[in-house]
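Please look over the sequence and the model shown here before reading the notes that follow.

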Amino acid sequence: MVRDVVLGRRRALFLLALKNVLRKKAVACLALLGVGLGSSLIIVLLSLSGSLNRNLDRTVSALAGKLVVSPRDALFGGIFFGSGTPLPPGDLATVRETKGVRNAYGRVSASLHPADFPDLVLPFTGYSPEEIQAAAGTPFAEVVRGRAPANDKEIIVGRRLVDTLSFLGRKLAVGDTPSFQLPDGATIDLRVTGVFQTGDEITDTSVAGSIGLARQLASLPQNDYSSLAVRVERPDEVLPVEQSLLAEMAKSDPPVQVVAPKNLLDPLAASTKAVDRLLLAISLLSALGSTLFISIIMSITVVERMKEFAVLKAVGWCGRHVTTLVLAESLILSLAGTALGLALGCGGALVLGRWLKPGVPAWPQLVQVAVLAVLVGTVGGIFPAWRAGRVAPALILHQG
Amino acid sequence: MIRCENLEKTYGSVNVLSDFNLSLPRGAFCALVGPSGGGKTTLLNILGALDRPTAGRVVLDGTDLTACPEKALYRVRRDKVGFVFQLYHLIPALKAWENVLVPAVPWGSAGLKERAGSLLSMVGLAGKEDRRPGQLSGGEQQRVAVARALLLDPPIILADEPTGNLDRASGRKVMQLLRRLNQELGKTILVATHDPGVAGGCQSVIELGQ
């Protein structure tokens, strides 16, 4: 390495720094781990944060231009586990006649309880044949694996639910025929015919099937619905249509609520922003920790090598040269640590992606993390380098 | 070449050098002797621009060290002085020739590799250029240190107990080498030593700490 020292002062100093780094392998490994783990943690956090935001954006976009009419006693506005007092078929006719409504379909919500694990509740939505036929964006139209159910004994499962169950150690695959408990205590075997992905995270965390099956699961009378899915003519008409529906259905029995599912996500968006801020704070703390770590490691090596620096000064180096040498060593360690951190972080994001689909952050973010990591290593080296440059050779060499 | 006038050096209340005067001509080969704590190393450090006197004046090859700003002293160490230490102080990870090149690293050592090789040959280490300090005997390490001191061709060599850590035979070789540098290259050499045999081999002797 230093054989070619001879080609310029910067190169000579850099090669000597490289040689010095390789001298103390344990110290180098510690410094690499400090920077590497810090930057990999930031990458994983960025990946999770990106995943949260992407999923939220996708869901918001998928829910744009949609309204749900549901009984006021329905949970979560009737869009999730939405059972309450059933809505009579007359309500569907009223909604369809309201100005600005493009179409409306009755849905039935129910809960699926696996027979071997009744405490687990899987949200189930039954779709009417006309909605399945007419509307894009329903689970039936978005099957990504297998096929749509063909009868009341078949179901399809949202991809996110499959991932979540897999994460919890429970498999639900195409072709399986799990048993579920009915409200009267009997069980029913349902065949999983496919996996769907609509892009709407709420729907994708549920099970879908026919409305007949849903009525059976929820013990709902024929022609009654849990909720009404409404699509407006244009997304910007959601608010006026919501007002019209409230006016039209003011005297409905049971009393109803009109919900824009997108609005229900506002608190979720606020929570996501808070989580984003938390992840950013953790990232900054991690960067600070890495800076302190490399600073401590470099300080220890500088203390150990005081005599060497004294000799370098005795043979003609000035303080600035010694400082540059130690800074170069710090820079080399942080570059190597950054490479390690990028590898670990991207690997971690990919491993997490098997369950949570965060995905590796985009290139610009990786570059930002790399720049931050190199900066961390360099800043961490400033104090030890300054200290090394101020070594008093006579004093150190006299101490033997 | 080396001139000290009324030199004083105190550490707290301890007076190590007091009203010390010295004048050595170019090409002198002089031993500094005296008891431990007598000021030999202190004087070498001051002459080598590693330390400052408390009072007095030091002129080295025409440069007044006492008037030289702190930040410029490294030029004196680089251009005027070559240091040889009792404990050699080589960098363990570097090969012999790389250690010889160390003084030139900040300025780029282009073209100096051959010089490092020829200096190692001159000190009797031809064929051992690629060995690391741990693979060399004490005497050989000290000769590498001498070659390092000669790399930038300084007119003055300051040697602090250069044989203090060596057996008699190795010490004799090192002293023969210093004598050659003095006689063949005209280097001004100042050797601090406890060893009367070493002092006896020098042209003149200065006693400190009397």
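What percentage of the contacts in chain A with a separation of 6 or more is accounted for by residues 24 or more positions apart? Such residues account for 80% of them, where two residues are in contact if their C-beta atoms, placed from the backbone, lie within 7 Å.

This is a predicted model, in which local features need pLDDT of at least 70 and side-chain atom pairs count only at pLDDT 80 or more, while totals for chains, interfaces and linings use all residues. Residues are numbered from 1 along each chain as its sequence is written, and chains are lettered from A and ligands numbered from 1 in the order in which they are written.

**Chain A**
- The secondary structure of chain A comes to 13 helices and 11 strands, these being DSSP runs numbered from the N terminus (helices H or I, at least four residues; strands E, at least two).
- Chain A is more spread out than a compact globule, because its radius of gyration is 31 Å, well over the 21 Å that the globule rule gives for 400 residues; the radius is taken over C-alpha atoms, and the rule is 2.2 Å times the number of residues to the power 0.38.

**Chain B**
- Chain B has seven helices and nine strands.
- The radius of gyration of chain B, 17 Å, agrees with the value near 17 Å for a compact globule of 210 residues.

**Where the chains meet**
- The contact takes 27 residues from chain A and 29 residues from chain B.
- On the side of chain A that touches chain B, the largest share, seven residues, comes from α1(A).
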